[in-house]
Amino acid sequence: MPVTHYEWSWGGSLPEILRHSEVKHSLLRDYLVDYFLTLVTSPAQEKIQLTIVDGFCGGGWYVSKSGREVPGSPIVILQAVDEAKARVMQEQQRRKNILFDVKLICIDKDASAVEHLRQVLEQQGYGEKLRSGEIETLVGEFDQNAEAVIAEVRRRSPRSGRALFVLDQYGYNQVPLPTLKQIFAALKQPEVILTFNVDALLNYLSEGNLRSFERQTGLDGAVSSTDMDKRYRGPGWRVRVQANLYQRLTTGSGARFFTPFFVRPDRGHGDFWLLHLSQHWKARDVMAHAHWKHHNHFVHYGASGFDMFSTGYAAKIDDEERPQAAFEFDDIASKSSLASMMEQIPQVLAQRREGVRFRDFFVERVNTTPATQAMVEQAVLSLVREREIEVLGDNGSLRHVKKALQDDHVLRLRDQRSLLLFGS
Ligand SMILES: C[S@@+](CC[C@H](N)C(=O)[O-])C[C@H]1O[C@@H](n2cnc3c(N)ncnc32)[C@H](O)[C@@H]1O
């Protein structure tokens, strides 16, 4: 698989940005802005603290195909923080300032890229932050620096342990599973946005190199040597191996919540995941929201509704040459999600006749749905209007909810409906 390596040298020509990198930047920008808006809910809050680690930061500046100069991930992150602060001030009509105590640590193994980035930061007006230590640059491999960076997050916020790791690796082997595990074990509220080029991996793996891949990445047990044996590869082997790798990576990291969506790559580039790992369902919801916003560029190769792995990756390719229609986070996907959820919600409630809190209902399913909480709420409200389900307050009294559900509202199948489902 050809890997396009970006190169930077100050005074030299800028590397041309690939379209999928621009897509990642848009998602990162939106995610960060929404992330801060979600975290700062009270106009009385005086401070928000976060450490952002850009583990594969690059040189900070590119040229687009059309000749426009565009920022790289460190600048995108800094601009998003500025935008979030302005929006918090405006949307909460604050008189009092809020302190965004954000430290950005940029790591790249290429000294020339880091030097380029430092020059770009100066040019873009972030020189003072470089000198004060609010922005730190490190030359070296991410993995070699991970422990020191985790220690810095703990020093800065021993209680909240809040940190976002943007790990935009080339390929698939620069962020070993034990490192992800260490992040999730050592910190209370870490999040990781991880690029993982799963197609490149599957093109590269063979029976001969499987063990060394496992030793290097810690992703043992996800792929068997039979999977790699060309004589036994059926049409579905690629999707099956992808699903196993996804399981191993996400649950193996120690994160509680994840998204498995793919960036739709440029022509000639394989599929790659932009995985989001977190410890809070709200973070996962904000990320799902960002995918819907950039619907032209993200895909999910599974079902809509609450059981997205049921046909899961198996739906992606029915033979090696004929990709099926993917879930594209567009209007069609949105309608199909609503329809699936309206069918599945009564089935779930039929098993929980005492009812279930809306928050619990959503959180129990969040890892296996491409839908956001707002979309699930719409499906529930449609079922309420159709008199299939009812909503109770926490004291058990009936609530006539039309527009907005609260987290502790209890959803329950209406009696008539349960009679129909149970046939008695
Ligand atoms: C795809 S570019 C990153 C671009 C940057 N995240 C952006 O979006 O603007 C990957 C960068 O990772 C660096 N790199 C590759 N392997 C690395 C490693 N193991 N640790 C740290 N940096 C690495 C490369 O030098 C390159 O600058």
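A polar contact is a pair of N or O atoms within 3.5 Å; within protein, one must be able to donate a hydrogen and the other to accept it, and residues adjacent in sequence count only if both atoms are side-chain atoms. The structure is a predicted model, in which local features need pLDDT of at least 70 and side-chain atom pairs count only at pLDDT 80 or more, while totals for chains, interfaces and linings use all residues. Residues are numbered from 1 along each chain as its sequence is written, and side-chain values use heavy atoms, with hydrogens and water left out.

**Ligand**

- A polar backbone atom of Lys109 lies 3.2 Å from a nitrogen atom of the ligand.
- An oxygen atom of the ligand is 2.6 Å from a polar side-chain atom of Tyr62.
- The side chain of Asp108 has an N or O atom 2.6 Å from an oxygen atom of the ligand.

**Aromatic rings**

- Rings of Phe, Tyr and Trp (its six-membered ring) pair if their centres lie within 6.5 Å; planes under 30 degrees apart count as stacked, over 60 as edge-to-face and the rest as tilted.
- By this rule there are 17 aromatic pairs.
- Phe56 and Phe142 form a tilted pair, because their ring centres are 5.9 Å apart and their planes are at 40°.
- Phe56 and Phe142 are both buried (under 20% relative accessible area, with exposed over 50% and partly exposed in between; 1.4 Å probe, protein chains only).
- Tyr246 and Phe258 are edge-to-face, because their planes are at 90°, with centres 6.3 Å apart.
- Tyr246 counts as buried at 1% relative accessibility, and Phe258 is buried at 10%.
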